[in-house]
Amino acid sequence: MTASKTVLIAGARGVVGRAALAHFEASGSRAIGLSRRRPGFATSAEWITADLTQPDAVAQALAATSGITHLVYAAVHEEADLVAGWTEEGQIATNLAMLRNLLTALEGSTTGLRHVTLLQGTKAYGIHHGPFPIPARESDPPFIAPNFYYDQQDWLHERAAGAAWTFTILRPQLVCGFALGNPMNAVAAIGVYGAICRELGQPFRFPGGEPCIQEAVDADLLARAIAWAGEEPRCAGETYNITNGDVFTWPILWPRLAGMLGVEPGAAHPHALARVMPGHRRAWERVVSRHGLHPHAYDEIVANWAFLDFTLRHGETRPRHSIMSTVKCRQHGFHDCIDTEVMFARLFRRLQDERILPPAGAHEAGQERPPGAAAGE
């Protein structure tokens, strides 16, 4: 990759966008981040701030930018009621408008666009409605329920007809990476849950539902897949599932996560984190003070606990397995893989090194409740 490649990353503050931004920065490409707010972290990338729901503002923000060859679209609008919002007409319409506004403005400001990468996920197979056929393949028909993925995909197909650029759709599963304030960041949520359990002298109980077989993807691996899709001719007009390459179950992984976080594992005890964890703000503030962590607001670290409840299958009494075939991406040349347990260990270590989470060995797990802590915390 050379500097002649200019990549615009929409949603560059999120888990996917931030990993893609770092990848293209390191590759020597010209990287441009786009989000509603400034980055809040060190980056050499250029930055555009714009609200993608406002077409005039987007067009104005892009007017002074030229030479963009690749668009990575990782932006998403989520409702406050995260899981319920996935099927709401307003959420679907907003996400379609955001993609349309950006690509229309981009086509008006540059003539060199070569490729668009659109990010989806397992909701394309209806995972939020129940178990889907295993393994999910890219050729599977869309699920019958409304989904903004389908609207964006249909619009992109129509827009690309006769255009000078091509597109690729990537479908990762449970993207795990380094970012704050993202409503679908399971790594940060698990880390904060573990830190609060340790602060309160509580075991790290598994709060989820019926065990099931799942997959995840490292955001850095996904960034490499994004780069591959933007250059590989066989990817034009295609859709690919992207995962780490292995499978796991939370109950088996949970004690190992406890070790990474320095907290004692406990017997499984199903409970809704979205109901329980918002009440532990003071405990988190003590964790931050005790260990000299960066004073990020509680809601900035974990923007929404409902996603972790969904991921851990809270309240479910039968397995909702989630396995996708990645044969197609391997056949077309993308072979990267990583052990999911190794991925979690690396990400927790980075959160600890960056003073977002306390070090695993900072104090003994299972300590007494700190003086003044409320019994309900």
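**Entry 1: setting up**

I began with the naming: helices (H or I, at least four residues) and strands (E, at least two) are DSSP runs, numbered from the N terminus. Next I noted that this is a predicted model, where local features need pLDDT of at least 70 and side-chain atom pairs count only at pLDDT 80 or more, while totals for chains, interfaces and linings use all residues. Residues are numbered from 1 along each chain as its sequence is written, and side-chain values use heavy atoms, with hydrogens and water left out.

I looked up alanine 227 and found it in helix α7. Is alanine 227 buried or exposed? Alanine 227 is buried, because its relative accessible area is 4%; buried means under 20%, exposed over 50% and partly exposed in between, with a 1.4 Å probe and protein chains only. I also took a distance: the C-alpha atoms of alanine 227 and arginine 313 are separated by 32 Å, and the two residues are 86 residues apart along the chain.

Alanine 61 sits in helix α2, residues 55–62. With a relative accessible area of 22%, alanine 61 is partly exposed. I listed what alanine 61 touches, leaving out residues up to four places away in sequence: Ile48, Thr49 and Ala50. Contact here means heavy atoms within 4.5 Å. From alanine 61 to valine 263 I noted 47 Å, C-alpha to C-alpha, and 202 residues in sequence.

A reminder to myself: most residues other than glycine have a negative phi, and most peptide bonds are trans. So I went looking for exceptions.

- Isoleucine 134 and proline 135 are joined by a cis peptide bond, with omega about -10°. Proline 135 lies in the loop between β5 (115–119) and α5 (148–160).
- Leucine 174 has a positive phi, near 45°. I found leucine 174 in the loop between β6 (166–172) and β7 (175–176), and leucine 174 is buried at 12% relative accessible area.
- Arginine 313 also has a positive phi, near 65°. Its loop runs between α12 (306–311) and α13 (327–331). Arginine 313 is buried, with a relative accessible area of 3%.

**Entry 2: the nonpolar cores**

In soluble globular proteins, nonpolar side chains tend to be buried together. For my notes, a nonpolar core is a set of buried Ala, Val, Leu, Ile, Met, Phe, Trp, Tyr and Cys residues joined through side-chain atoms within 4.5 Å.

Which residues have the most contacts inside the largest core? They are Trp250, Trp284 and Phe344, in a core of 54 residues. At least two residues of this core come from each of α6 (186–199), α8 (250–261), α10 (281–291), α11 (298–301), α12 and α14 (340–353). α6 gives the most, with 9 residues. I then spotted a second, separate core of 33 residues, which includes Ala19, Ala45, Ala225 and Phe334.

I zoomed in on tryptophan 250. Not counting residues up to four places away in sequence, it touches eight names I wrote down, Leu174, Ile190, Phe206, Gln214, Leu257, Thr311, Leu312 and Phe344.

**Entry 3: helix against helix**

Two packed helices are described by the angle between their axes and the distance between the axes. The axes are lines fitted to C-alpha atoms, for helices over the stretch in contact, and angles run from 0 to 180 degrees between N-to-C directions.

*α6 and α14.* I got an angle of about 65°, with the axes 11 Å apart. The two helices are therefore roughly perpendicular to each other; angles under 35 degrees count as roughly parallel, over 145 as roughly antiparallel, 65 to 115 as roughly perpendicular and the rest as oblique. Val187, Ala188, Ile190 and Gly191 in α6 meet Phe344, Leu347, Phe348 and Leu351 in α14. By class, this contact has 7 nonpolar, 1 polar and no charged residues. In that count, Ala, Val, Leu, Ile, Met, Phe, Trp, Tyr, Cys and Pro are nonpolar, Asp, Glu, Lys and Arg are charged, and the others, Gly among them, are polar.

*α8 and α14.* These axes come within 10 Å and cross at roughly 30°, so α8 and α14 are roughly parallel to each other. On the α8 side I found Trp250, Leu253, Arg256, Leu257, Met260 and Leu261, meeting Glu341, Phe344, Ala345, Phe348 and Gln352 in α14. By class, the contact of α8 with α14 has 8 nonpolar, 1 polar and 2 charged residues.
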